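I opened this entry to record what I looked up in the structure. I took one residue to begin with, then its surroundings, then the chain as a whole.

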Amino acid sequence: MVNCCGLITVKNKPVPLKSIAVEVSVQGHVATVSSTLQYENQEKSPLEAIFVFPLPGEAAVCRFSAKIGQTEVVAEVQEKQKAREQYDDSLSSGQQAFLLEESDESPDVFKLSVGSLPPGEKASVSLDYVTELAVQADDGLRLCLPAVLNPRYQPQGSDSGSGGSALVSSVPAASVPYSLSLTARVSSPHPICRVESNCPLDPLNYLNTEKTQATVSLAAGHQFDRDVELLLYYQDTHQPTAIVEAAQTSAKPGSLMGDPVVMLSLYPEFPKDVMSTMTSLGEFLFVVDRSGSMSCSMHNGSGAQDRIGSARDTLLLLLKSLPMGCYFNIIGFGSSYESFFPKSVEYSQKTMDEALQKVKAMRADLGGTEILQPLKHIYRQPCLPDQPRQLFLFTDGEVGNTKEVLDLVNANAGSHRCFSFGIGEGASSALISGVAKQGGGHAQFITGQDRMQPKVMQSLRFALQPAVVDISVKWNVPKGVSVTPLSPPIRVLFQGQRALLYAQLTGKSSGDTEGSVTVKYSLAEQPVENQLSFSLKPTEDTGLTVHRLGARTLIRSLEMEERQGDGEKKGVKEKVVELSVQSGVSSAFTAFIAVHKVDGEAVQGPMLRRQVPTPSRAGNRWHTDSRAVDRYAGTDLERQGVSDSGDDVSDSDINYRGYMGFRRPRKRNGTKVQREYMGCRRPRKRNGTKVQRDSDCPAPASNPVKDPLLQLISLQKASGSWVLEAALAEVLGKTEEEVAKPKPAPVDQEVWATVLALVWLYGFKMEAQEEWQFLATKAVSWIQAQKAASVSECVQAGNTLLGCQVQKDTLGL
């Protein structure tokens with residue numbers, strides 16, 4: 001049985017969204033995504049269709065249009081409340097109207113209202129958005145089309161502002177009644193090596209001999225039942241580049257759209273001698289989601305581990321990889337939070353063992369996903385002298401107060417770096433990417449059959465890199481040209497990480513057409529300088545992608561300024577609305593409105609409202625009344641519900657904010673219009689009795705196969721050494737006697753065991769080197785500190801015993 005949130009008609013007919021077609025245009029590191037949604041009203045009454053859907057957190061909607069029959073109506077951007085009122089007034093007078101708005105709570109969730117669709121009518125809605133592509137650990141560029149919108153947990157008592165009756169439409173992925181087609185055109189200054197996806201693709205089709213242009217499509221018949229991920233691989237991905245985009249011809253010179261805009265992609269190269277010396281200082285705080293949804297599987301394939309299990313394995317790896325002399329703590333959170341230690345403790349064999357025992361007992365048993373309170377707790381703790389605070393946040397990202405969380409991280413950005421990990425399909429990209437951006441860290445997404453461990457270890461490498469300080473960016477342009485930065489100042493740089501900068505170029509030069517930018521910073525107390533030159537003349541016609549991304553960057557900065565309380569006196573909201581309207585880019589304070597003026601009569605009877613389902617990772621765990629809502633009758637909705645935290649919820653306690661923060665009921669002609677959609681929550685207790693949760697997540701294997709690598713890692717001491725014991729022999733595939741016998745006579749047993757572990761890692765687990773490299777570094781440092789004789793003899797004997805051919809130099813000895 002499928003329990004939906006008012007998603008099907010009273011006659012059990014499917015909702016009116018029929019298909020989604022997507023065209024992607026990639027230009028190097030940025031993309032424009034055009035989606036067309038086909039609707040059809042198969043009922044006998046006029047219909048209002050509601051579709052709540054996710055977009056990438058860094059995306060900005062820049063065009064919206066609707067086509068009914070042969071008539072296309074292009075939407076305009078207006079101040080949000082004004083657009084809502086026009087939408088309501090249009091429907092009241094019998095016009096067809098379309099409204100697209102961003103959630104008040106999270107910038108990666110949008111609501112599309114398709115209003116007054118007559119019986120039998122078809123409508124086609126198109127929207128375009130621009131987005132940056134994230135760089136992955138293997139140098140791939142990631143484009144994600146989110147399909148899954150997991151219901152976001154709204155902490156009780158949190159202020160949803162003016163957000164109204166939100167609607168999260170979730171059904172099991174297999175029940176999604178519409179399909180997706182996708183075609184991508186890729187252009188790059190460098191040759192395109194390959195394109196990969198988590199979904200079946202047709203073969204890559206090159207359009208020129210240089211292989212700098214290509215097209216690729218999803219295989220036909222794809223059900224839009226999970227996030228679609230494209231990974232693009234170019235030659236020389238890490239080359240710094242500059243794109244200057246021509247102004248919009250119809251825009252006024254001096255305005256953002258009326259001037260050229262430059263986008264710089266910077267990759268600082270750090271000296272190798274500096275990068276080889278990782279810091280051993282730091283306070284490492286591992287903040288782990290223990291909400292109920294973390295019991296779900298990492299993916300839908302066979303043998304999938306549950307998310308909390310993967311988090312446990314990752315914490316094992318992290319705890320073993322930490323340097324001696326640092327401090328650490330682990331905080332689990334859900335509706336409440338629990339710390340392993342009252343405050344951070346120094347890393348030692350004793351504290352590591354104590355933490356590992358608690359990690360083994362970790363379960364997904366803390367209710368809803370509330371990140372704000374544990375973060376407030378952390379920020380209340382004083383920072384340790386000479387131990388830079390490094391925060392690692394692991395979550396499946398199902399929160400409803402994203403902007404509140406980002407504001408808190410931003411307010412404390414000066415005292416720490418934050419590395420974030422989005423686990424599984426549907427994790428909020430606005431939350432995961434935003435936390436890392438505001439916290440000066442790095443974001444990673446673990447989806448499909450990705451392993452969490454290598455991505456986490458890349459972030460640990462970033463965290464152990466020497467900090468870059470005193471960053472400055474200086475623009476050098478000819479006389480007559482001025483530069484207005486659109487991006488906030490760079491606060492952090494990592495080796496191998498890209499920074500995108502946008503700037504507006506105003507005025508003209510009579511002679512020189514070259515400009516440059518100089519990035520200076522201090523690394524390990526040494527001054528470093530990087531310079532990139534670029535032509536002021538616009539390159540190929542790139543549309544307005546760069547302008548729109550520059551506008552989006554500036555809008556996001558201004559929105560945060562407004563939320564932090566500086567907005568009233570500076571008129572920040574007015575600036576955002578002006579910039580959003582001018583650039584056509586979505587914001588928190590504006591919405592897209594399109595009205596198709598037809599000779600319709602004012603609506604007298606009920607107009608049915610239908611929500612269009614978005615696939616959820618676990619479709620049948622959310623319960624509600626699925627009756628149609630009478631839009632005009634003003635009748636009260638019967639409602640029942642229980643809270644995610646386990647408390648009973650009375651009739652009067654139901655919060656109409658819902659999850660996504662859209663809008664409250666409005667009045668028309670003095671009558672309140674019903675805009676309530678049942679707050680769908682996971683049942684926990686009813687009348688004091690625990691309600692059995694739906695089996696929405698496949699149970700993990702009862703006897704999971706032990707991973708030899710994790711077994712070996714679990715045996716390592718905090719110092720980096722291994723002990724000669726039966727458990728080590730078992731991992732090596734030998735008996736204890738077989739392992740002990742070949743030990744060179746003068747060599748200490750612990751040194752021999754540690755050399756064997758290193759030989760095994762290099763001989764059998766090179767494909768996972770990124771996961772164990774810090775453990776190996778610790779082991780080598782420990783061996784060298786012992787000043788042991790006959791190390792070469794040990795390596796040779798270890799190779800003979802294990803059947804390997806690992807050289808002593810390879811081990812770093």
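Predicted model: local features only at pLDDT ≥ 70, side-chain atom pairs only at ≥ 80, totals over all residues.

I then looked up the core around it. Phe394 and Phe284 have the most contacts inside the largest nonpolar core, which has 82 residues. Helix 14, residues 749-764, gives the most to this core, with eleven residues. I noted another core lying apart from it, of 53 residues, including Phe53, Ala66, Ile68 and Leu141.

Next I checked a helix pair. Helix 5 (residues 372-380) packs with helix 6 (residues 402-411) at an angle of about 10°, and their axes are 10 Å apart. The angle is under 35 degrees, so helix 5 is roughly parallel to helix 6. Which residues make the contact? From helix 5 I listed Leu372, Leu375, Lys376 and Tyr379, and from helix 6 Glu404, Val405, Leu408 and Val409. I sorted the residues of this contact into six nonpolar, two charged and no polar.

Last, I took the totals for the protein chain. I counted 17 helices and 39 strands. Of the 813 residues, 58% are buried. Among contacts with a separation of 6 or more, 76% are between residues 24 or more positions apart. The chain exposes about 32800 Å², and carbon and sulfur atoms supply 48% of that area.

Technical notes. Residues numbered from 1 in each chain as written. Heavy atoms only, no water. Core = buried A, V, L, I, M, F, W, Y, C linked by side-chain atoms within 4.5 Å. Buried < 20%, exposed > 50% of the residue type's maximum accessible area, 1.4 Å probe, protein only. Helix = DSSP H or I, 4+ residues; strand = E, 2+ residues; numbered from the N terminus. Contact = heavy atoms within 4.5 Å. Areas by Shrake-Rupley, 256 points an atom, 1.4 Å probe, with all protein chains shown as cover. Axes fitted to C-alpha atoms, helices over the stretch in contact; angles between N-to-C directions. Parallel < 35°, antiparallel > 145°, perpendicular 65-115°, else oblique. Nonpolar A, V, L, I, M, F, W, Y, C, P; charged D, E, K, R; others polar.
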